[in-house]
Amino acid sequence: MKETEKLKLKEFCEKLKNMNCLSLVWEKVLDVLIQLEPNAEFEALAVFCIYFSQLDDGNICIPMDAVKLTEKWQKKWEGLLLIENHLEQKNEDDKYFEAIIKEGLPKISRQLLPNLIEYYDDESTTSFSKPFVIDEGWLFAAKYFKAKLIIEKRIKLIMQHNTIPPLEEEKVRIREYFTKLTTAEGHTPMILKDEQIDAILRGLNENLIITGGPGTGKTTVVCYLLWELFSTKDIMDYSLYLAAPSGKAADRMKESISETLSRLNLNAIPAGQEHDIAHAVFEKLNNSQSSTIHRLLSFNPSTNGFRYNAENQFDEKSIFVIDEASMIDISLFCSLLEAIPEKARIFILGDKDQLPSVQAGAVLGELLANKKGSVAALKQSSRFNDNSDIGRLKNAMQEETPLEKNLANLTEWKAWKTQNNFSIPAKGEFPVTSFIPEKKYALREDQLNEIIASWADTFFTQLVHKAHEATKDFEIQKINELWELACTARILCAERKGLQGVETINKEVCSYILNKQKLTSDDEYFTGQLLILTKNQNLFCLYNGDSGIVVEHNDLKYLMVKKEIKTKSDSSPNMTNERSLSQQGIFQKESYIFYPLHLLPKESIETAYAITIHKSQGSGYKAILVLLPEQAGHPLLNRQIAYTAITRTEGSTYIYADYDTLENARKTVITRDTRINL
């Protein structure tokens, strides 16, 4: 490679790095490509850099059409310029990138780069010797193209649609059976909706993708479906695997299934064989354990592979329930499907409207779009109905027509605060209030600080006193009250940095609480502080996204977390040594675990009064304050971000945004290029 070419490539990479869209990892990959193909020209290598940046956005391929790629890249670059306040560069940068893409794409071919590129000529193979594959006018990294092909093949084998609709008498039987089974003194029986019954009956005879928003009963449906399968299909010897992409999601699925089982009244079934079967099924479901998909497949760091794979699949007598499928990236989805035998049963759960996976791919969206015959869509939410304020706003944000202003309940903060306070509404009410931000930065900063102080005063300051009280004698009632209060409210931010980012907001909240409570924080953390895990701590069964509250006992600070911990007394392969935990000062009070804070690496935890919307997925709060970026074109102002945020509510929803911001979010939909064809 000529020195002039090297210099141009270096300048190009620096330009991308300055905008945080080319990491050090990709620079090293680029060095490898140059070693493999020393004669590769600058423009071709620049296009590979653009591809790497698109991979980081979740795309697995880019178009070899210069017009399409230029349009996609310029849209991303504009968003980055907007974040960095450099929009004045846009026209000049647009011309620069347009010229590079136009010259670079024709230089990416098997003829010109024989050591880097191959074409997909042999449809019988999924093995590639070059790092990149071109197929039907799209450039793929070979590993992602292989994953795409395997997913297409495996889904067609595993998801065989049964065209026979459920009989009406079967629907009546299911509804009456579970109504009777959930009837108990002091409890309202569970009345299954028609769409839930259809999903249960379909699942008895076919593998399903069960999709729906918050509160539509995905986990309830799959729990009752498993109950019916084990009760009626003579498959009690089948292994049951519950898995999700994250430890937090896996724990949440298990908790939801346990909660559903706790509502069952087995005494409603007369003594005899049916009663004995029900008890056996209850024990099987109640004793089932959840895990991450990585743990399910048994990842081996030494080989960088999974124990269960295409050559070593699970037993055919297996049932898999995979939750939070929207969060699963294409590589992990591929590994999972390869390990599942064709005759096994599988139920994939997810919300198509939530944020897609952090890594490359948007597999759930592709499955729902291309495998409609295997989809059971749940649309009726028990969390909030479509006629509630939040229900109407949520539905409107999903439409292709402009948002009606009245749905956001836009108001001026100054006027609102004189007559209102932040609050938890009465049960069954889901009010929405949107505060219009000030236009000038200084005024907006003061306004937001005032809103945050009021929010902290309402929901967070009392945690300090409650945390001290709860650990005086560890009365379980006081601990429960503390935990309920800690889980009541959150501030949900799209951004990490800046005026409306979690880092700034958390500092403001901590500062307010310390001043209000007249506390001096000599330590890193103070009693009553909310924290969240940002990295897995597998030794302690703590996972990225787990939240807790700081408490004090015997002059030591602990992180109190509510979770079911697995110990050696359980039959799970993913167990923790109870003695080892106690030796490290970890102790348990009923369902609460207390971890000495000094055991947890500081880089693995952060303050959690405000959390990112990404981190909030799967959680719910009685009051939420949503902070959205105001600038049109901002990469984090989109429909999926807004939808995920507002559907975390279980009560009051407060939004810091004007109409234009909400409308821009509605109009902007994250799309990813995967080219999965089912």
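Two strands pair if DSSP finds at least two bridges between them. Keep that in mind for the strands. One caution before we go on: this is a predicted model.

Let's start with strand S15, residues 489-493. How many bridges join S15 to strand S22? Three, and the two strands run parallel. S22 covers residues 610-612.

Now the side chains. In a regular strand they alternate between the two faces of the sheet. In S15, Ala 489, Ile 491 and Cys 493 point one way. Arg 490 and Leu 492 point the other way. Are these residues buried or exposed? All are buried. Five of the five residues of S15 are buried, so the strand is largely enclosed by the rest of the structure.

A quick word on annotation. The UniProt record, an unreviewed entry, marks residues 608-654 as "domain: UvrD-like helicase C-terminal". In the model, that span is 26% helix and 34% strand. Its end C-alpha atoms lie 18 Å apart.

Next, a helix. H2 runs over residues 24-36, which makes 13 residues. From first C-alpha to last, H2 reaches 19 Å, close to the 18 Å expected at 1.5 Å a residue. Which residues of H2 are buried? They are Trp 26, Leu 30, Leu 33 and Ile 34. Seen down the axis of H2, these buried residues fall within an arc of 100°, so they line one face of the helix. What covers them includes helix H1 (3-18), helix H3 (42-56) and strand S3 (132-135). Turn to the other side of H2, and Leu 24, Val 25, Lys 28 and Gln 35 are exposed.

Last topic: charges. Side chains of opposite charge can pair when their charged atoms come close. How many salt bridges does a search of the whole structure find? It finds 40. Let me show you a few.

Take Glu 168 and Lys 171. Their closest N and O atoms are 3.4 Å apart. The two sit three residues apart in helix H7, residues 168-181, so about one helical turn separates them. Glu 168 is exposed, with a relative accessible area of 52%.

Lys 472 and Glu 469 form another salt bridge, with closest N and O atoms 2.8 Å apart. Lys 472 counts as exposed at 62% relative accessibility. Glu 469 is partly exposed, at 21%.

Now Asp 658 and Lys 439, which meet in a salt bridge at 3.1 Å, N to O. This pair links distant parts of the chain, 219 residues apart. Asp 658 is in the loop between strand S24 (649-656) and helix H24 (659-667). Lys 439 is in the loop between strand S14 (432-435) and helix H17 (441-459). Asp 658 is at 13%, so Asp 658 counts as buried. Lys 439 is exposed, at 62%.

One more stop. Salt bridges can also join up: Arg 496, Lys 497, Glu 503 and Glu 606 are linked in a network of them.

Definitions and conventions:
Residues are numbered from 1 along each chain as its sequence is written. This is a predicted model: local features need pLDDT of at least 70, side-chain atom pairs count only at pLDDT 80 or more; totals for chains, interfaces and linings use all residues. Side-chain values use heavy atoms; hydrogens and water are left out. Helices (H or I, at least four residues) and strands (E, at least two) are DSSP runs, numbered from the N terminus. The expected span of a helix is 1.5 Å times one less than its number of residues. Buried means under 20% relative accessible area, exposed over 50%, partly exposed in between (1.4 Å probe, protein chains only). The arc is that of the directions from the helix axis to the C-beta atoms. Contact means heavy atoms within 4.5 Å. UniProt positions are given in the numbering used here, feature names are shortened, and annotations may be inferred rather than shown by experiment. A salt bridge is a side-chain nitrogen of Lys or Arg within 4 Å of a carboxyl oxygen of Asp or Glu.
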